[in-house]
Amino acid sequence: MENYKFFQNTKCEYFPCHKVKDTDDFNCLFCYCPLYALGEKCGGNFEYLDNDVKSCEKCTFPHKKKNYDSIIERLKEV
């Protein structure tokens, strides 16, 4: 069992914080993406807004249970 790789807070007023078709697999463990600090090298589906702010609105990478190991491995880059 690898239950530590998945957490959901369905009572959160922002759940889910991204538009997704299925919330059953939506992982809240990395509520704030630990890879955000990597900027363009984060590996997620981000875009820069006109004011140069990085927007992760379309990125669900940290919210998928299957990506836990990849995120943990990449934390050493932060």
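So, Phe15 and Phe26: both of them are buried, and buried here means under 20% relative accessible area, with exposed being over 50% and partly exposed in between, using a 1.4 Å probe and protein chains only. Quick note before I go on: this is a predicted model, where local features need pLDDT of at least 70, side-chain atom pairs count only at pLDDT 80 or more, and totals for chains, interfaces and linings use all residues. Residues are numbered from 1 along each chain as its sequence is written, and side-chain values use heavy atoms, with hydrogens and water left out.

Okay, aromatic rings. A ring pair is described by the distance of the centres and the angle of the planes. The rings of Phe, Tyr and Trp (its six-membered ring) pair if their centres lie within 6.5 Å; planes under 30 degrees apart are stacked, over 60 edge-to-face, and the rest tilted. Searching the whole structure turns up four aromatic pairs. Why is the pair of Phe15 and Phe26 edge-to-face? Because their planes are at 85°, with the centres 5.7 Å apart. Both residues lie in the segment before β1 (47-48), so the pair ties together parts that are 11 residues apart in sequence. Strands, by the way, are DSSP runs of E, at least two residues, and helices are runs of H or I, at least four, numbered from the N terminus. There's also an aromatic cluster made of Tyr4, Phe30 and Tyr68.

Now look at Lys54. Its charged end sits over the ring of Phe46, 4.9 Å from the centre, and Lys54 also lies over the face of Tyr36, at 4.7 Å from that ring centre. The rule for that is NZ of Lys or CZ of Arg within 6 Å of the ring centre and within 35 degrees of the ring normal.

On to charges. Side chains of opposite charge can pair when their charged atoms come close. We call it a salt bridge when a side-chain nitrogen of Lys or Arg is within 4 Å of a carboxyl oxygen of Asp or Glu. How many salt bridges are there? The count comes to four. One of them joins Glu73 and Lys76, at 2.7 Å from N to O. Lys76 is exposed, at 64% relative accessible area, while Glu73 is partly exposed at 46%.

Another links Glu77 and Arg74, at 3.1 Å. Arg74 counts as buried because its relative accessible area is 18%. Salt bridges with shared partners also join Glu2, Lys5 and Asp69 into one network.
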